[in-house]
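Hi everyone, thanks for coming. I'd like to take a few minutes to walk through some backbone and surface details. Let me put it on the screen.

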Amino acid sequence: MTDAALPRPRRLSRLLRVNPIWLVLLILIGAIVALNPDFTEPQGYMNFLRRAAPLCILAAGQVFVLTSGGFDLSVGSTITLTVVGASMLLYNNEAATWWVILAMLGAGGVIGLVNGLVVALLRVPSLIATLGTMITVSGIGLMWSGGAPRGYLTDGFRAAGRFMWRDVPVIGLLPAALLVLIGGGAVLWWLMHGTNYGRLLHAVGDNPEAARLAGVPVARVRVLAFVVSSLSAVVAGILLGGFSGVSLDVGTGYELQAITAAVLGGTQLLGGRGAVGAALGGALTLTAIFTLLNFLGLPQPVREVVQGLILISAVALAVCRRDA
Amino acid sequence: MTSLPSPRRRLRIGPGTILLAALAVYVIAILWSGNTQFLRPGNILGMLTRAVALGITAVGQTIVILCASIDLSVAALISASAVLASVVMGGSTTMIVPAILAVLLLGMVVGLVNGLVITRLRVNPLIATLGMAMVIQGILSAVVSNFAGEVPRSFRSFDSGTVLGLPVSLIFLGLVAAGASAILNWTRFGSNIYAVGGNIDAARLAGIRTDRVIIAAHLLCSLCASVTGLYLAARLGSGAPWIGRDGMYDLESIAVAVIGGTVLAGGRGGIWGTMAGVAIFAMIDSLFNVLGVDAFAKQVLRGGIIVAAVAAYAIGSRRLVA
Amino acid sequence: MTLRTTTAMAVALAVLALPATAQNFDDPTEFAEQEAQLAATPIGPEGAPWEQYLEDSMVDTAQYAAGEGPHTVCFSNAGVNNPWRVVGWTNMQAEVALHPEIGELIHVDAEGSDDKQIGDINDLVASGNCDVLIVSPNTTAALTPAVEAACEVLPVIVFDRGVNTDCPVTFIHPVGGYGFGIQGARFIAENVEEGANVLMLRILPGVDVLETRYSAGRRILDEAGLNVVGAEFTDGDNAKTKSIVEDYLQRGSIDAVWMDAGATAVAAIEAFEDNGYDVPVFVGEDQQDFLQKWQELGLTAIAPTYPTYQWRTPIIAAARILAGEPVPGPEWVLPQPAITAENLDQYVNPDMPPLHYAMCGCEELPGYPEAWGGQASN
């Protein structure tokens, strides 16, 4: 497959270099449309995008930590803390919306900072460190609220995840969540692929010892990756809280979904390789899989089996492709 | 990344130190709260008995972590084994042996598949076993949705029986731990595990069949998890598809291994450290109950304790971790 | 390889499990009994349903009389892992404050694990500190032996979920899951045309108290000739609930929604609102957010309840047992009222948190409303 002398295989190899996740996504969308032609209506695909937005942002943030060679298991709890905390601070007070959003971003920053410092300075492996934060942060959310949601989110706070402009020319509907997704995705893409920081991150993930010897501030690069991941969790939390309202298990399971989505997009675990765009593709694919299984009317356990098999095959395929 | 002893190791904290510290805190807190009955041998035994399920699982988990792998499928496998055991037994004593064999077979199949996916398909162990957990849990929940089957009264003595005043389950845990420790310390397979975990490339160059070692480690780990399933079926009288997940045996078994000084990157640690970790968890739980700590505060403290214990080992170490 | 082995495992498990899943969640006798209990007139003080009972049978407890207090009551709790249990646990603590003869309530939380709760009960009994033991079992079968062992040492009260033994002094529970399912489904049948499309939303399979709600609801909907377009599991997750309803709306009209629990009812209603549909006939539960939405939109709705006031009753029972007074038993069946359009106004209270269960019977208890997370009214 590396025989580059002939023109035909070269075109083929360029085609092969396109991340296959987009192809998979296309096939899945085709299957959804075949099962449910209404999906091509704005209400169909815009609802899909609105639903996928939180996972997209979360997966794009997770890519930073994965690229640095670590894991961030604390994002699910951070989502829950964002929703529960915001509802308690807001308690239907529309005027407080903006400072509550800032406060939540601040809380996310602190969680990321703690994760990063524990990993980089205390030298606790990130799997354990973020497992600890996962348990602690969800405990804090429970203690703060007393175990049940205690407040209401304002309409202003919920707009990002819930509001849709109607009668928009050409596209018909435009969910606010889509704008957040495009904006957030662009910022994260730029940070990873358009700045020096992205290069340093790849270097650290590839070989931390070599990076340190080359003068890369390894600790700082790592800490920032965790902060980015936690901030993306806060944004995902704002979108999810907006979409569906307050609950105490809103973030449950999202840490594994985010890692799955990133891996589907070809991010290499244990560091060194990760692309934000592909992670977005992975998140959309995962959401498409869930939607498809929903339409097929398969019971929950079957969905779980399918998700597990897809996860393993995606990674196995990625390994094969890397070796090819 | 290699495990060369650092020249500047001034302050090394081992699992023994942490266990002693935990014991001191436990005794002081109990004396302070005036519940001295919790220091009676019977209560201490009761406290340790509560950790048997976690202990058996953690023995297996330690073995896979030592060879730089990990197993997130243990919780799902525990549920599946407990259900399989209680369904096959169906309340009849004659079916005990077939049920045990079926459960052990299930454990071996799962361990083998885990090991093969990791070594042959070269899937990251975290993903491979997470996927396996989803597959097992999905199939299990599709087939049963509640407690299914029943274990006969005689089988329940696995949990409730005593020998010379000691609970059978605790003796069993001791035997499992001693057996695993013997394998790790005194057999070639054991030293191969440490070699593979320490540096897989060097191990391969030294002529060790690394794939076989990893597969065998996963086989042992899954066997331990299925035995835990048998034990829980005996304790609960039946198996349900959620008992492994609700007990959080996947994450907790990793946590106690790491608290016990086993390094996630592989190659260093051991069974007795893990047993110390299990004892620490049991003491923490018992202490929280004695002091009446609110469930949510418990969670916050637990998270902090895990991180603090692991951080304690890193004092004086200069290795980079991810 | 993976696929083949897993399929083989699945088939093996399926074959083995089929005859073994003996638990019956669609029991006509239970159904009829609960149907009758819904219509029965409760015995006991009016306005205090937590002291009332539907079955006229008492247990003598003179043997447990413990003289002057203060007594220690121990409570092994399955967990406070959902808002229903949080409200209930708050009720129980407040009820204790009303009883000077109860000196201390020792509370042990099993965090949703059978294994841990067995250990908790053993520890409580072994500690020798308890005068009476209250148990809210995590699951029925697994906790039975531990409760049996406890019964031999001290008086035991079981509530919410039962155990497979009659050794406890009394088992306190409201009418039950069939009753819950009957109330909601009957309301739908009365308010839609024959052949109407009904969507049933469930939390998760296998939970006894939820399975019975579903089987009773399904039975009535089917008998009324309604078209159940789907019965979906939501995991009690808002986002998932909203997505499922949106997907169904894309495929056809829905004339009524039946839910086995109301925590995600508002998310389901929002799926109709956000996509520009009228909200159909709705079965929710007594959570404040649903009641407020119902009032605000003027819905055709009903809220069956699984009343959290049942958490007050075990303390009342404990106090009576320690005084040697008779208590309703061996089953203390509490009334299980539904909130309807007629009495909706008296339960709506915007000062209470969204998942506060309005049928808590807690308005007169000490510490209300702050202890339940509410804001004191001005």
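Predicted model: local features only at pLDDT ≥ 70, side-chain atom pairs only at ≥ 80, totals over all residues.

If you follow chain A, you'll find A:Arg123 in the loop between helix H5 (97-120) and helix H6 (126-145). What makes A:Arg123 worth a look is its positive phi of about 60 degrees, although it is not a glycine. As a reminder, most residues other than glycine have a negative phi.

Now over to chain C, please. C:Asp235 is not a glycine either, and has a positive phi of about 60 degrees. Here the loop runs between strand S8 (227-233) and helix H8 (238-251) of chain C. With a relative accessible area of 39%, C:Asp235 is partly exposed.

Next, the cis peptide bonds. Most peptide bonds are trans. The bond from C:Gly329 to C:Pro330 is cis, with omega near 0 degrees, and C:Pro330 sits in the loop between strands S12 (327-328) and S13 (331-334) of chain C. The bond from C:Tyr368 to C:Pro369 is also cis, with omega near 5 degrees. C:Pro369 belongs to the segment after helix H12 (344-347) of chain C.

Last stop, the surface. Which residues form a negative patch here? They are C:Glu30, C:Glu33, C:Glu55, C:Asp56 and C:Glu331. Take C:Asp56 from that group: its place is the loop between helix H2 (28-39) and strand S1 (58-59) of chain C. C:Asp56 counts as exposed because its relative accessibility is 64%, and the class starts over 50%.

Thanks, everyone!

Technical notes:
Residues numbered from 1 in each chain as written. Chains lettered and ligands numbered in written order. Heavy atoms only, no water. Patch = residues over 30% accessible without salt bridge, like charges linked within 9 Å, V, L, I, M, F, W, Y side chains within 5 Å. Areas by Shrake-Rupley, 256 points an atom, 1.4 Å probe, with all protein chains shown as cover. Salt bridge = Lys/Arg side-chain N within 4 Å of Asp/Glu carboxyl O. Lys, Arg positive; Asp, Glu negative; His and termini not counted. Charge placed at Lys NZ, Arg CZ, Asp CG, Glu CD. Helix = DSSP H or I, 4+ residues; strand = E, 2+ residues; numbered from the N terminus. Buried < 20%, exposed > 50% of the residue type's maximum accessible area, 1.4 Å probe, protein only.
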